[in-house]
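Visitor: I have the sequence and the model open. Can we go through them piece by piece?

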Amino acid sequence: MSQTPFSPVRRRTLLQAGAAAAAGLALAGCEREPAAPAGGFTGIDMERGHALRDRLAKGEPWPEPSIVRRTQVVIAGGGVAGLAAARGLRLAGVDDYMLLELEDAPGGNSRAGQVGGIACPLGAHYLPVPGNDAREVQDLLEELGLRRREAGRWRYDERHLCHSPQERLFIGGQWQEGLLPVAGVPESTLAQYRRFAASVAELSRAARFAMPTMKTWTPGRPLAPAVLALDALTFDAWLTREGFDDTYLRWYLDYCCRDDYGAGPQRVSAWAGIHYFASRHGFHAPGESAPPDERDGVLTWPQGNGWLTERLAAPLAQGGQMRTGSTVLRIAETARGVEVDTYHHASDSVERWQARRCIVALPVFVAARVVQPQPDFLREAAQRLQWAPWLVANIHIDAPLADREGAAPAWDNVLYADRNPGGLGYVSAGHQRLDPRAALTGPNVLSYYQALGDVPDGRRLLAEQPWTHWRDAILQTLAVPHPDLAQRATRVEITRYGHAMSIPVPGLQAFLSKIGLQRPSNKRYQLSNGERVAVPPTPGTARLAFAHGDWSGYSVFEEAFTRGHAAGLASA
């Protein structure tokens with residue numbers, strides 16, 4: 001997948017030479033303590049997000065609407081689901097709609113930013129090459145020119161596939177290729193790796209796992225017994241019951257759960273723990289070879305999934321079909337349609353939008369505050385769902401970092417013994433540069449991720465701790481594999497998500513599957529390749545369609561996009 005004309009040996013030699021030079025510079029300047037890098041919070045306005053909650057808690061009314069506007073469909077929320085809904089409406093021939101977004105830029109957890117002029121992610125940073133269950137996502141990628149058919153087979157543009165090396169793990173004082181601990185582990189660890197791989201394969205035969213997961217939900221039928229059994233207990237309880245107690249395996253599975261779900265095996269369901277592997281390409285123990293079509297292909301960009309949301313949002317900006325900086329205050333069904341009241345921050349005014357339908361692409365806990373009256377299923381969902389707070393720190397460095405021994409710098413770099421609670425390592429914004437030598441000479445941005453779903457009072461800490469608290473802890477942690485980071489870091493910008501993603505806790509699949517199938521749709525639409533497929537069912541009421549990753553119980557691009565797309569088509 002690499003775009004470089006250099007052999008892996010040559011690339012590694014260059015990288016290590018650059019690291020050695022950087023280490024020499026660090027030693028030469030060690031007499032002077034480097035100044036702490038500047039920075040601050042960016043990306044998400046937490047105060048704006050809390051304004052609605054605080055007013056409702058105090059019983060303070062908002063001003064009456066000063067203007068009434070009309071459109072055919074209102075989309076409340078400009079994350080991946082809201083942007084996908086807008087695209088679905090366009091494909092269905094509807095261009096009279098308005099998308100309302102709280103922040104100053106759309107994208108939700110897939111926004112992008114810049115630090116020192118270098119593009120970087122503010123949230124989600126990759127998209128696995130989608131399988132055939134995610135036909136809607138495949139269709140989007142074809143529309144964007146990322147995939148095309150050659151000689152009867154689908155091919156992805158390799159410029160957008162993650163360049164090699166893809167990932168590495170810092171363990172035992174050195175880097176190893178891949179994230180599953182293998183260097184120096186005992187035979188008993190390898191045996192548990194093989195047994196876990198066999199368990200995932202066996203469960204994949206007993207039940208269907210797919211992404212998006214709603215493609216496995218069948219109207220009128222309960223979930224498969226194997227799914228219900230896994231959904232009924234935590235992943236930790238299942239691992240203990242099955243005798244998976246190896247330290248290295250447990251660390252890796254904990255990392256995987258926090259990476260996708262924001263919390264570890266003690267909170268997520270056993271279904272979620274197995275789904276992580278079974279819905280993708282399984283789990284392969286060291287020495288086991290996966291079939292060629294089951295390699296873990298990953299699409300990524302310097303700005304992460306912001307590359308995708310920027311392109312989804314561009315038609316709305318051009319057509320004037322999007323208003324940012326707008327807090328949705330109330331969504332109510334009327335005799336003739338819906339009313340949506342929204343506070344426009346720039347003009348300090350309340351607007352009322354009247355429409356035939358509304359697509360509620362808001363997180364469930366927000367939707368439960370603004371939809372009046374609350375449908376029973378929305379109220380219960382808001383009570384059942386739990387959300388993980390997240391932090392993303394973008395660290396600008398003025399030159400490549402000194403590196404420890406072992407595997408060469410990769411796109412995804414993870415620490416086995418990360419000192420920060422919930423630390424998930426960092427990705428390199430410069431990794432996708434077509435000329436690998438650029439990574440050896442110029443500045444770069446490292447995006448460090450921290451999932452705080454298991455951290456006591458994590459949400460409160462995000463809201464109350466100064467940005468320097470997070471900066472200092474992260475720099476100290478990354479200084480272990482990169483001793484010259486303090487000399488190289490020039491700026492640190494931190495993005496906070498108080499409710500970044502729904503955590504797939506036990507019982508959630510059984511509950512959400514019943515909601516998601518209560519309004520089946522007989523509509524069909526045509527993909528760009530000419531195939532006609534059914535519109536997936538969308539939860540909602542007569543005039544409201546609910547679309548958000550929360551309705552799948554966990555938050556990834558495929559889930560949010562497919563739900564938003566279906567809601568757009570159903571609302572046309």
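Visitor: Start with the hairpin of E5 and E6: which residue takes a positive phi?
Guide: Glycine 116 does, with a phi near 60 degrees, in a hairpin that has two residues between its strands. Strands here are DSSP E runs of at least two residues and helices are H or I runs of at least four, numbered from the N terminus. This is a predicted model, in which local features need pLDDT of at least 70, side-chain atom pairs count only at pLDDT 80 or more, and totals for chains, interfaces and linings use all residues. Residues are numbered from 1 along each chain as its sequence is written, and side-chain values use heavy atoms, with hydrogens and water left out.

Visitor: How many bridges join E5 to E6?
Guide: Four, and the strands, E5 at residues 112-115 and E6 at 118-121, run antiparallel. Two strands count as paired if DSSP finds at least two bridges between them. Glycine 113 has cysteine 120 of E6 as its bridge partner.

Visitor: On to the eight-strand sheet. What is the strand order?
Guide: The order is E1-E23-E19-E22-E21-E20-E10-E11, in an open sheet with mixed pairing. Strands E1 (38-41) and E11 (174-177) are the edges, each pairing on one side only. Neighbouring strands are turned by 20 degrees against each other on average, direction ignored; the axes are lines fitted to C-alpha atoms.

Visitor: How do the neighbours of E23 run, parallel or antiparallel?
Guide: E1 runs parallel to E23, joined by four bridges, and glycine 39 stands opposite valine 492. E19 (residues 387-397) runs antiparallel to E23 with ten bridges, and there leucine 391 stands opposite arginine 496.

Visitor: How many residues of E23 are buried?
Guide: Eleven of the 14 residues in 489-502 are buried, so the strand is largely enclosed by the rest of the structure.

Visitor: And E21 with E22, how many bridges?
Guide: Four bridges join E21 (residues 423-428) to E22 (residues 444-451), and the two run antiparallel. One of the bridge partners is glutamine 450 in E22, for glycine 423.

Visitor: Change of topic. Which residues have the most contacts inside the largest nonpolar core?
Guide: Phe196, Phe235, Trp238, Ile274, Phe283 and Ile331, in a core of 95 residues. Such a core is a set of buried Ala, Val, Leu, Ile, Met, Phe, Trp, Tyr and Cys residues joined through side-chain atoms within 4.5 Å. Helix H8 (residues 247-261) gives the most to this core, with eight residues. A second, separate core has 36 residues, among them Val94, Leu127, Ile359 and Ala361.

Visitor: What is phenylalanine 196 in contact with?
Guide: Leaving aside neighbours within four places in sequence, phenylalanine 196 has contacts (heavy atoms within 4.5 Å) that include Phe235, Trp238, Leu249 and Ile274. At 0% relative accessibility, phenylalanine 196 counts as buried.

Visitor: How many aromatic pairs are there?
Guide: The count is 24. Rings of Phe, Tyr and Trp (its six-membered ring) pair if their centres lie within 6.5 Å; planes under 30 degrees apart count as stacked, over 60 as edge-to-face and the rest as tilted. Phenylalanine 196 and phenylalanine 283 form an edge-to-face pair, 5.0 Å centre to centre with 90 degrees between the planes. Phenylalanine 196 lies in helix H5 (residues 187-206) and phenylalanine 283 in the loop between helix H9 (270-278) and E12, so the pair ties together parts 87 residues apart in sequence.

Visitor: And tryptophan 301 with tryptophan 307, what geometry?
Guide: Their ring centres are 5.0 Å apart and their planes at 5 degrees, so the pair is stacked. Both tryptophan 301 and tryptophan 307 are buried.

Visitor: Last one: asparagine 305, buried or exposed?
Guide: Asparagine 305 counts as buried, at 1% relative accessibility. Asparagine 305 lies in the loop between strand E12 (298-299) and helix H10 (306-319). Not counting residues up to four places away in sequence, asparagine 305 touches Ser110, Ala124, His125, Tyr126, Leu127 and Phe557.

Definitions and conventions
Axes fitted to C-alpha atoms, helices over the stretch in contact; angles between N-to-C directions. Buried < 20%, exposed > 50% of the residue type's maximum accessible area, 1.4 Å probe, protein only.
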